[in-house]
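Good morning, and thank you for joining this group meeting.

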Amino acid sequence: MAPIQWTADVHAPIYNIPRVADGTVYVDTAQAKGPNVFAVKEGKVLWRFATEGTIQMPVSLGGAQVFVASDVGGIHFMRAIDAKTGALIWDYTRHEPPECMCSHVTHYIQHLLFAETDGHSLYAFYPVGKIPDHRLWTFVGDGAKLTPPVLADSTVIFGSADHNVYGLVDNTGKIRWQQKTGYAFVAQPVVWEHTVILGNRGGTVHAYSTTTGKSLWNFTTNGPIDTAALIWHDRAYIASGAGGRGVYAFSAKTGKQIWHTQMTDYTAYPPVMVRQTLIVASRDGHLLGLAARTGKVLWRSHLHGVPLSQPVLWQGVAVLKVNDHQVMAFNAQSGRPVWTYHSKDVVTSPVPEGDHVYVGTSGGTIVAIGH
């Protein structure tokens, strides 16, 4: 059984993953009088902020602020809330239905806040000070879904379902470079040194210069790429989708393949690394540990269910959601089961921070699990 350290009841269903910083848990809920954002620490509710609108995606944290997107009918909001007090700092109101900011995850990266709309445009905010009704710039897409962006070398980089990779000037949104490929991108890019790496649904991994967009190399797998790559030192690891059902290791500098390990089923989530062991959750109900240098399968553990989150690392264990009602932890070096948390309610994906792993439930409870 999981060693539960404390619980807190917020009296409303929790469907999105909690966000955690400095031992404080920030969670959004939904109830009859309108969705709310809560801050909880050590089982005590610190504050509540009522958005009076639908929240579809988790809140974002950055710069001592909590950012939440919500909508009421055809009016859409982006709000910045003081992380310590719950006081409103600024809000941005958008009267352009039906495009909603609340149906996509917002991202705080370095010094900018990014929000995507249903119309597949990207908004950038400079979220410092009291700046209501202000956005820094807008990238207007053509209706094609965009990947989450990354920011490197003053360039905002993302892929698109329109088969393009875009690099924008960070403070203006002007296109710095653009590369056309043959297939759509759905997974977030990753950055290694001055190189951005991302795979497309045609199974090709592309590498471009972050500053110029110059194509540096490409690497072809046997299946669509639906997840982000993992960078470890000068190597990149990526999982191919339903057709390929495997994990590839290749040089981040040259794109040369180092190894390929075939799996019995594909993974819907990026791998994670701990002490030269690559951990992968397979859709066939197994958690695998692979040797990072060779791809050899070191261990294989039964989940007795379908993995519904990426494994996360916490104090030597890999933790993930399995089916709708449980969270499981495994020793990252041996694959041995360590503990299982089971709830009668649907649980969120686990979030590790400090001495605890945090889980929200559809019953309205925040659960802090320790050793």
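This is a predicted model: local features need pLDDT of at least 70, side-chain atom pairs count only at pLDDT 80 or more; totals for chains, interfaces and linings use all residues.

**Strand E28 and its partners**

Strand E27 (residues 277–282) and strand E28 pair in the antiparallel sense over six bridges. Residues are numbered from 1 along each chain as its sequence is written, and side-chain values use heavy atoms, with hydrogens and water left out.

Two terms are needed here. Strands (E, at least two residues) are DSSP runs numbered from the N terminus, and two strands pair if DSSP finds at least two bridges between them.

The hairpin of E28 and E29 has five residues between the strands, and glycine 295 takes a positive phi near 85 degrees.

How enclosed is strand E28 (residues 286–291)? Six of its six residues are buried, so E28 is largely enclosed by the rest of the structure. Buried means under 20% relative accessible area, exposed over 50%, and partly exposed in between, with a 1.4 Å probe and protein chains only. In a regular strand the side chains alternate between the two faces of the sheet. In E28 both faces are covered: His286, Leu288 and Leu290 are buried on one side, and Leu287, Gly289 and Ala291 on the other.

**The largest nonpolar core**

A nonpolar core is a set of buried Ala, Val, Leu, Ile, Met, Phe, Trp, Tyr and Cys residues joined through side-chain atoms within 4.5 Å. The largest one has 15 residues, of which Ile197, Val205, Trp217, Phe219, Ile238 and Phe250 touch the most other members. At least two residues of this core come from each of strands E18 (190–192), E20 (204–209), E21 (215–220), E23 (235–239) and E24 (246–251).

**Threonine 147**

Where does threonine 147 lie? Its place is the loop between strand E13 (137–139) and strand E14 (150–152). Threonine 147 is buried, with a relative accessible area of 2%. Its side chain reaches the backbone nitrogen of glycine 159 at 2.9 Å. Leaving aside neighbours within four places in sequence, threonine 147 is in contact (heavy atoms within 4.5 Å) with residues including Glu116, Phe158, Phe185 and Pro189.

**Two residues with positive phi**

Most residues other than glycine have a negative phi. Alanine 64, however, has a positive phi near 60 degrees. Alanine 64 sits in the loop between strand E6 (60–62) and strand E7 (65–72), and at 58% relative accessibility it counts as exposed. Aspartate 153 also is not a glycine, and its phi is positive at about 50 degrees. Aspartate 153 is found in the loop between E14 and strand E15 (155–159), and at 31% relative accessibility it counts as partly exposed.

How values were computed. Helices (H or I, at least four residues) and strands (E, at least two) are DSSP runs, numbered from the N terminus. A polar contact is a pair of N or O atoms within 3.5 Å; within protein, one must be able to donate a hydrogen and the other to accept it, and residues adjacent in sequence count only if both atoms are side-chain atoms.
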